[in-house]
Amino acid sequence: MSDALLFGGTFELNTGVPSVRRSAGTHRIATFMRNYGYDVEVFDFLMSWSLDELKSLVKSRVNADTEVIGFGGTFNINFPTVCEFVDWIKENYPDIKTVAGSQSFQTIHQLNVDYHVVGFAEKAMIEILRGTVKYEDRPWNEEGETRRVIEALHEYPSFPMDDLSIEYEERDFLDPNESLTMECARGCIFKCKFCTFPILGVRDDHTRSAVDFEKNLKTNFDLYGITKYSIADETFNDYTEKVIKYADVVEQLDFKPHFHGYIRADLLAARPEDIEHLARMNYNGHFYGIESFNHASAKSIGKGMDPDKLKETILYTKEYMKKHTGFYKGLISLIIGLPHDTEETIDNTWSWIKNNWQGESLTINPLFIPREGTLINTSVFSRDYKNYGYSDNTWNDIYIENDERIESLYRDDNISMEIKNYIRLLTTGVSDDYFSIPWENDAYNSWEAIVKACLMYADDHWQFGVNPYKFYEWFVAGYTLNDMMKSYKELGSFSPSLDILEKFIYDYKIKKLEL
């Protein structure tokens, strides 16, 4: 019996199957609420529960003291079962408040809950429980129907925070192989023009305390055997002092944790001494938001370092980490369709990737221009895209149905099902322009950028390796850090066995249902 029940989880973007990643945001909210005296139980892997199982959980946990049932996820949770579950709760427990939270309204807007919280929701949740929360009625569909939306960043800012701890409980049934998500800071010192994150241009110390950081690491190791973490910071290496602070903590531990997350390669190039401190911390899984190796393109969005210097730094970091920590995995993120990019510049980038990045990871995304008001925040680029050489179009004018370039990828037996699923994700639903703007410039349009991304993904993708942000599913399947250094070809697969992942979640569900 609990004062609050919180459900967290989402789908894997490239496979469409329920994720085995725990919802760190949901556990963070639970931790914050417990500091106010609430008993909160968290239920992970939301998308893996049937409607009957979800009903059973609520019936077994709700009592006269239960005040709120909440839902959260990193990505889209507008799932039919979740929508039906919410409707069932409202019908059978009308006095219990229902809440959904995410960084974007569009990922939760279909849930008919009492409140939709957009942004970091700790303080907003307390105001909801107190009955004093401020909200706005926002349209959520083309018919103009509204939802109660709380812009947490503006009304109840949970930034900065010295304590960003996430405290798990015995009833969370953690597995020692899991990789957990944690924060070291909120906000980013940069103002990249295409970024929709709302806390940009931060200039003061906004990091969590070293004591808080150390306590989390020790508790998770002592109680659950956890040693692997994904860091959620928008830029982990924004300040040298920050990296040193956490490296000093890690060095004196009597166990060896591993970290991966976002790293700015241009900062590594400008401050190469930071590489040593990242190695001391075992922060050796790096996500580089390069976006383009064409200098003019990168400069136009606020990333102006010489591409050759970036390439040199990335390859040096790779070798340094392998030598001094025994491990390294890097991911380069690219965007197709940026200003000044042409077919030639994209092909030149791709040639360098294929010749220098074997075994490492990459993501390739077509440029997405969200319509104003559909996300938590609209980027400078999205508000001013016409001044960057883009014009509006319609999907009917640019979309090619049954495009032979895409159809040939589906017929290719050398392309894995995982890649085909991701291609399907990129190419389906494009006729819905409610959230995005179909664009066109001199080199590409929205559809051609999608096709180019698909063709690049399918081009000998076996030579690349696991995305560090996908480590968690490989770890729960029994793979090691050494395995993560292998290419997909060496691993023999683009993802671990679905049967193993399903058993992991099944075992968790049984424990929860029997609790």
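1. Glu-136 stands opposite Val-149 in strand E7. Strand E6 (residues 136–139) and E7 are joined by 4 bridges and run antiparallel; strands count as paired if DSSP finds at least two bridges between them. Helices (H or I, at least four residues) and strands (E, at least two) are DSSP runs, numbered from the N terminus. The model is a predicted one, in which local features need pLDDT of at least 70 and side-chain atom pairs count only at pLDDT 80 or more, while totals for chains, interfaces and linings use all residues. Residues are numbered from 1 along each chain as its sequence is written, and side-chain values use heavy atoms, with hydrogens and water left out.

2. E6 and E7 form a hairpin with 6 residues between them. In the turn, Gly-144 has a positive phi of about 85 degrees. E7 (residues 146–151) is also joined to strand E5 (residues 115–118), by 3 bridges, and these two strands run parallel. Val-117 has Ile-150 as its bridge partner in E7.

3. Val-117 is also among the residues touched by Ser-102, which is placed in strand E4 (residues 97–102). Ser-102 counts as buried because its relative accessibility is 6%, buried being under 20% relative accessible area, exposed over 50% and partly exposed in between (1.4 Å probe, protein chains only). Not counting residues up to four places away in sequence, Ser-102 touches Gly-73, Thr-74, Thr-107, Ile-108, Val-117, Val-118 and Gly-119 (contact means heavy atoms within 4.5 Å). The side chains of Ser-102 and Thr-107 are joined by a polar contact of 2.7 Å. A polar contact is a pair of N or O atoms within 3.5 Å; within protein, one must be able to donate a hydrogen and the other to accept it, and residues adjacent in sequence count only if both atoms are side-chain atoms.

4. Asn-467 lies in the loop between helix H17 (446–458) and helix H18 (471–476). Asn-467 is buried because its relative accessibility is 16%. A polar atom of the Asn-467 side chain lies 2.8 Å from the backbone nitrogen of Tyr-469. Leaving aside neighbours within four places in sequence, Asn-467 is in contact with Leu-331, Ser-361, Thr-363 and Tyr-488.

5. The structure holds 5 cavities of 30 Å³ or more. On a 1 Å grid over the protein atoms alone, a cavity is a set of points where a 1.4 Å probe fits but cannot get out, and a pocket is an open set with protein on both sides within 12 Å along at least five of seven lines; lining residues have an atom within 4 Å of a point. Grid points are joined across faces, edges and corners, and a volume is the space filled by probe spheres set on the points.

6. The largest cavity has about 100 Å³ of space. Its lining includes Arg-264, Asp-266, Lys-303 and Met-305. Helix H8 (265–270) and strand E11 (283–291) are the elements that give two or more residues to this lining.

7. About 50 Å³ of space lies in the second largest cavity. Among its lining residues are Glu-291, Phe-293, Asp-341 and Met-456. Strand E12 (329–336) and helix H12 (343–356) each give two or more residues to this lining, and E12 gives the most, with 3 residues.

8. The second largest pocket has about 170 Å³ of space. Of its 15 lining residues, Thr-227, Lys-228, Lys-256, His-258 and Leu-481 are the closest to its centre.
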